[in-house]
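This report describes one protein chain, going from single residues to the chain as a whole. The sequence and the structure come first.

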Amino acid sequence: MKRILLIVAVVVLYILHQDFWFWRTPYPLVFGFVPIGLFYHACFAVAASVVMWLLVTFAWPSHLEKEVEEQTSKKEAKA
């Protein structure tokens, strides 16, 4: 279930990254001075960072690291 949710999150971020709706106008201003497109990209960057953290936490292939550690320890034992 986690894997499906992570895949959906990545696909949603991919779709949201294609933000053609804020390209033509700097209005409305967020907080009175930040153009809406800049604010959107700041929020997108935060969301992408959270999704990347989730991917590293829950989908990192730790079995590959274990294999490399075992190979490294075998090479060190031979030396």
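In which element does V10 lie? V10 lies in helix 1. The model is a predicted one, and the values below were computed from it.

V10 has a relative accessible area of 38%. Because buried means under 20% and exposed over 50%, V10 counts as partly exposed. Leaving aside residues up to four places away in sequence, V10 touches V51 and L55. V10 and V51 are 41 residues apart along the chain, and their C-alpha atoms are separated by 7.3 Å.

**Helix 2**

Helix 2 covers residues 36-59, which is 24 residues. From the first C-alpha to the last, helix 2 reaches 33 Å, close to the 34 Å expected at 1.5 Å a residue. The buried residues in helix 2 are I36, G37, Y40, F44 and V51. An α-helix has 3.6 residues a turn, so residues three or four places apart point the same way. The cover over the buried residues of helix 2 includes helix 1 (2-17), strand 1 (29-30) and strand 2 (34-35). V51, one of these buried residues, is also touched by V10.

C43 and T57 both belong to this part of the chain: C43 lies in helix 2, and T57 has its place in helix 2. C43 has 37% relative accessibility and counts as partly exposed. T57, at 40% relative accessibility, is partly exposed too.

| Pair | Apart in sequence | C-alpha to C-alpha |
|---|---|---|
| V10 and V51 | 41 residues | 7.3 Å |
| T57 and I7 | 50 residues | 14 Å |
| C43 and I4 | 39 residues | 23 Å |

**Backbone details**

Most residues other than glycine have a negative phi, and most peptide bonds are trans. Two places in the chain depart from this pattern. The peptide bond from Y27 to P28 is cis, with omega near 5°. P28 is found in the loop between helix 1 and strand 1. F31 is not a glycine, yet has a positive phi of about 60°. The place of F31 is in the loop between strand 1 and strand 2.

Is F31 buried or exposed? With a relative accessible area of 66%, F31 is exposed, because the cut-off for exposed is over 50%.

**The chain as a whole**

The protein chain has three helices and two strands. Read from the N terminus on, the elements run α-β-β-α-α.

What is the radius of gyration of the protein chain? The value is 21 Å, whereas a compact globule of 79 residues would have one near 12 Å. Taken along the principal axes, the C-alpha atoms fill a box of roughly 65 × 30 × 20 Å.

Buried residues make up 13% of the 79 residues. The protein chain exposes about 6,900 Å², and carbon and sulfur atoms supply 72% of that area. Of the contacts between residues at least 6 apart in sequence, 47% join residues at least 24 apart. The contact of V10 with V51 joins residues that are 41 apart along the chain.

The protein chain carries 7 positive and 6 negative charges, and the mean positions of the two groups are 5 Å apart.

Terms used. Residues numbered from 1 in each chain as written. Predicted model: local features only at pLDDT ≥ 70, side-chain atom pairs only at ≥ 80, totals over all residues. Heavy atoms only, no water. Helix = DSSP H or I, 4+ residues; strand = E, 2+ residues; numbered from the N terminus. Rg over C-alpha atoms; globule rule 2.2 N^0.38 Å. Buried < 20%, exposed > 50% of the residue type's maximum accessible area, 1.4 Å probe, protein only. Contact = heavy atoms within 4.5 Å. Areas by Shrake-Rupley, 256 points an atom, 1.4 Å probe, with all protein chains shown as cover. Lys, Arg positive; Asp, Glu negative; His and termini not counted. Charge placed at Lys NZ, Arg CZ, Asp CG, Glu CD. Expected span 1.5 Å × (residues − 1).
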